[in-house]
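Dear colleague,

I am handing over a structure that will be new to you, and below I set out what was found in it. Please keep it open while you read.

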Amino acid sequence: MPRALLTVTVMALTTKSASKPTDGKRAPGKPAPAPDRPKRYPPSLPALLWHSTVGKKTVLAVTGLIMVGYLVAHLVGNLKIFFGAEEFNSYGHWLRTLGGPVLHYEWALWMIRVVLVAAVVLHGVTAYQLSRRDIAARPVAYVHKRRRASYATRTMRWGGVILGLFVVWHILDLTTLTVNENAETGHPYENTVATFSTWYGNTIYITAMVALGLHLRHGFWSAVQTLGAASPARERALRVVTDTSALVLTCGFISIPVAVMTGVVN
Amino acid sequence: MKVTLRVWRQPGPDAAGEMVSYEVEDVTPEMSFLEVLDTLNERLILDGSEPVAFDHDCREGICGACGVVINGQAHGPERTTACQLHMRSFADGDVIDVEPWRAAAFPVVKDLVVDRSAFDRIIGAGGYITAPTGSAPDAHATPVPKPAAETAFEHAECIGCGACVAACPNGSAMLFTAAKVVHLGALPQGAPERESRVLDMIGRMDDEGFGGCTNTGECAVACPKGIPLQAISSLNREFLRAARKSA
């Protein structure tokens, strides 16, 4: 393909030059295929977002940020475990009476749960669809292999799957108490200690939190970039904020099993 | 210097390809990478073999025609185009892998030549401004603020070589599209088509089978013209703004 001709065409199209006539000459080769997208103007905002890669990534970013916001609140609540069983258990009870007396018992909690489930499902579905697209866009791998991108970046997909499986276990363990052998309803402090008194409870939890840290390290910054909030001037500050929050969240969550293991919390 | 090139040979678009080794002697450190391919091709032609097909034009690093993946890096180890990459970047006896750009939207035509007309169609979807093309306009008839001019120039440096797509693990054209959208959007002349441009170009980009951006940053590292990664953030911002306004 004569790239010079293309370059000239691009120049003619992109500058306000008056001397370059657009004589209809286009690069030979395949003619432009007919657009297969429905040309409906104006498209509705959800349609526009859902049918475009950038729009889907916006959904991915917003749902991710909702979950980051939840994690911050979750960590703050969890750290109350360091102030004893009474304070932690009363906090657990307060969560159920939140919004009262306007809201019935556990209504607020269920509203949060609905939002979170919606966020998890949308995050997973968009990530899956975008991943399928991305893999299809590079059908042939390079023969010469070279390590690309950071570990956190390369493990986003499977790291996300690990986190999804962890959330299922975490709910069965400490919300429904299905897999927690020594659990008692209404005693979150004792149930947490019971989980972190087992080797597998600690292993699953700490592994998942490391995966969370890696996922957040790339994901948080990536969400900011996707939502168009990144700029050269803010780059350094953004990296510091996103890396620090990934580190704080990971260390904060891991501090609880470590505290149980070392006997600080018992 | 003597180097061994392992080159991707593929007779046609639908034919199977393979890496073929060639030893090239009499290589000097001053030679450009394309001149090494020329030297190899001269010998292949004299031997009656099929020369290695590769794209090239200006050989000054400004047209964007050349572009091959050298040792897994688009345009090779230096931040420039393959034509401006010199053999002083390699050592005597090196084995160098040479492959075409790999992306679903850039099908291989022959050997190292890929069809990049998907880029032309993205430009055709909105990478232009609409302006009367009669006589040249008066200078400074449209004031352009200095920072806007700087931004436009920085992004107008894109030569459309496709290294960003080749380097991206998702074969994404986001950096290319971002360069065009930011370049034209920064200028007052680009303002009337600001919303339709970004929506149409991203729509076309998706239709061509390019992948999405996962912010790996590989594109900006490979770009011989240094288009910054934040251009993609600006593109996303422009898209969301246009989606809000026109939906």
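I begin with a residue of chain A, Val143(A), which sits in the loop that joins α5 (107-137) to α6 (151-154) of chain A. Please bear in mind throughout that this is a predicted model. Is Val143(A) buried, partly exposed or exposed? With 16 other C-beta atoms within 10 Å, Val143(A) is partly exposed, because a residue is called buried at 20 or more such atoms and exposed at 12 or fewer. Once its neighbours within four places in sequence are left aside, Val143(A) has contacts with Met19(B), Asp97(B) and Glu99(B).

His144(A) also belongs to the loop between α5 and α6 of chain A, and it counts as partly exposed, having 17 C-beta neighbours inside 10 Å. If residues up to four places away in sequence are not counted, His144(A) touches Asn71(B), Gly72(B), Asp97(B) and Glu99(B). Along the chain, His144(A) and Gly124(A) are 20 residues apart, and a distance of 32 Å separates their C-alpha atoms.

Turning to chain B itself, you will find eight helices and seven strands in it, and its C-alpha atoms fill a box of roughly 60 × 40 × 35 Å when taken along the principal axes. Of the 247 residues in chain B, 51% are buried. Among the contacts in chain B with a separation of 6 or more, 70% are between residues 24 or more positions apart.

Chain B is divided into domain 1, covering 3-109, and domain 2, made of 117-130 + 142-246, and the centres of these two domains of chain B, taken over C-alpha atoms, are 28 Å apart. Where they meet, domain 1 of chain B supplies 18 residues to the contact and domain 2 of chain B supplies 16 residues. The side of domain 1 of chain B that touches domain 2 of chain B has nine nonpolar, seven polar and two charged residues.

Lastly, within chain A, please look at helix α7 (residues 156-174) and helix α9 (residues 199-226), which pack at an angle of about 135 degrees with their axes 9 Å apart. That angle makes α7(A) oblique to α9(A), and α7(A) passes α9(A) in a left-handed crossing. Which residues meet there? From α7(A) they are Met156(A), Gly159(A), Gly160(A), Ile162(A), Leu163(A), Phe166(A) and Trp169(A), while α9(A) brings Ile204(A), Ala208(A), Ala211(A), Leu212(A), Leu214(A), His215(A), His218(A) and Gly219(A). By class, this contact of α7(A) with α9(A) has ten nonpolar, five polar and no charged residues.

Technical notes
Residues are numbered from 1 along each chain as its sequence is written. Chains are lettered from A and ligands numbered from 1 in the order in which they are written. This is a predicted model: local features need pLDDT of at least 70, side-chain atom pairs count only at pLDDT 80 or more; totals for chains, interfaces and linings use all residues. Domain bounds come from an automatic or database domain assignment. Two residues are in contact if their C-beta atoms, placed from the backbone, lie within 7 Å. Ala, Val, Leu, Ile, Met, Phe, Trp, Tyr, Cys and Pro count as nonpolar, Asp, Glu, Lys and Arg as charged, and the others, Gly among them, as polar. Helices (H or I, at least four residues) and strands (E, at least two) are DSSP runs, numbered from the N terminus. Axes are lines fitted to C-alpha atoms, for helices over the stretch in contact, and angles run from 0 to 180 degrees between N-to-C directions. Angles under 35 degrees count as roughly parallel, over 145 as roughly antiparallel, 65 to 115 as roughly perpendicular and the rest as oblique. A crossing is left-handed if the near helix is turned anticlockwise from the far one by less than a right angle, and right-handed if clockwise.
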